[in-house]
Amino acid sequence: MSAAETPAPWTRRRVLRAGALGTLGWASGCRRLPSKPVPPEAAALHRESLVIDLHVDSFLWVRLFGYDMGRRHENRIPSAPFAWHADLPRLREGGVGAAGFGIVVNPRRARPELVFPLRVLSWWERERGVDAVLHTLDLMRECAARYPAQFALATTAAEVRVARAAGKIAGLACLEGAHGIEGSLDNVQRAYERGLRSIGPVHFQATEAGYPMTVAEFDGRGLPPFGRELIAEMERLGMIVDLAHLNAAGFAEALQVARRPLWVSHAGCAAVHPHRRNLTDEQIRALADRGGVVGIVFEQSYLSEDGANLERALDHIEHALRVGGEDAVAIGSDFDGFITPAVGLEDAAQMPHLTAGLLARGHSPRTIQKILGENALRVIAEVCG
């Protein structure tokens, strides 16, 4: 569905542009203090590196409120919660060359386990399932047409590198939750043809393809038959399976079924902070053994019990390095995904501080470049071409 065909919910969205949308950017004394300068050595390394953020949800806000990706925004609420973390100017300022843009859509039917923010979204927006997925893919293409010198929709690793060489930010379209394809392999094909290149079986509620790790009653349930069919079809087409949000039994089965590398686009390490959304050491090792990567998330509650900062994010990165090796670690901020980001990583423009922190902890430039983007690009190349 194109923007011109958008149904009735846009009436309510126009109201929000002057209401909730404005509230997220309200001006006051809430502006955060300027961050410390990035040391020259770190700044140079960051500029030379291909930085790929595996999970950014900005196009949810484009679909809901007409969020302009080409304009620099600022979240002035203390701790910068919820959204307004990324746009093309700040991605460029932060040296981000590519991002996996999460497509967040409503299920046709909200199950009891669906988390409150998504339940509100499900109540609010009438567009659901594959219709919303295809609409969001159209919005990504429209963004590329509107800002041709800044943004390109990429479907392969080669296209990511071409976009970077041209000074553009490459966007990889990634569906968060198989409820968006509604149990239909035909819908997978339709979305693939529009540019979709990654799907996660679940996103906070059970689907035909799997069960979420956040609900204890689903512990021990493996992949439903459609989950196995979905993985096989995705690998046939050249799409990346995203194991973020999938429960442990389904995670293990997916690794058994898959023949190509997979990724977990955004998560932390359970050994550093025991959150249900984080991966155990066993899962990290198994993912690494299959050539996969885990994108370390910036959400505070996943990183620490009582708030988190840049150093805590670095703790999770270093633990994943020790357990999975330097080829298994990536970045998956979850910017614009209803998160409260770690202090010091409040938006995409702060990404060079991650490089500075890794250098300060003694990691080699080559290892840092792998973490920042080369590991993610390898998976994209091996799966998508």
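Helix α7 is mostly covered, with 13 of its 18 residues buried, where buried means under 20% relative accessible area, exposed over 50% and partly exposed in between (1.4 Å probe, protein chains only). Helices (H or I, at least four residues) and strands (E, at least two) are DSSP runs, numbered from the N terminus. The model is predicted: local features need pLDDT of at least 70 and side-chain atom pairs count only at pLDDT 80 or more, while totals for chains, interfaces and linings use all residues. Residues are numbered from 1 along each chain as its sequence is written, and side-chain values use heavy atoms, with hydrogens and water left out. The length of α7 also fits expectation: at 1.5 Å a residue, its 18 residues (129-146) should span 26 Å, and the end C-alpha atoms are 26 Å apart, which agrees. The expected span here is 1.5 Å times one less than the number of residues in the helix.

Turning to the strands, β2 (residues 96-103) is largely enclosed by the rest of the structure, because 8 of its 8 residues are buried. Strand β2 pairs with β1 (residues 51-56) through 4 bridges, and these two strands run parallel; two strands pair if DSSP finds at least two bridges between them. Within this pairing, Asp53 has Ala99 of β2 as its bridge partner. Strand β2 also pairs with β4 (residues 169-176), again in the parallel sense, over 6 bridges.

Next come the helix pairs. Two packed helices are described by the angle between their axes and the distance between the axes. Axes are lines fitted to C-alpha atoms, for helices over the stretch in contact, and angles run from 0 to 180 degrees between N-to-C directions. The axes of α3 (residues 40-48) and α15 (residues 352-360) come within 9 Å and cross at roughly 120 degrees. These two helices, α3 and α15, are therefore oblique to each other; angles under 35 degrees count as roughly parallel, over 145 as roughly antiparallel, 65 to 115 as roughly perpendicular and the rest as oblique. The contact (heavy atoms within 4.5 Å) is made by Glu41, Ala42, Leu45 and His46 of α3 with Pro352, Thr355, Ala356 and Leu359 of α15.

Helices α12 (residues 281-289) and α14 (residues 310-324) pack at an angle of about 60 degrees, with their axes 9 Å apart. That angle makes α12 oblique to α14. On the α12 side, Asp281, Ile284, Arg285 and Ala288 meet His319, Ala320, Val323 and Gly324 of α14.

Finally, the backbone deserves a look. Most residues other than glycine have a negative phi. Asp336, although not a glycine, has a positive phi of about 65 degrees. Asp336 is found in the loop between β9 (329-331) and α15 and is buried, with a relative accessible area of 0%. Phe338 is found in the loop between β9 and α15, and its phi is also positive, near 60 degrees. Phe338 is partly exposed, with a relative accessible area of 33%.
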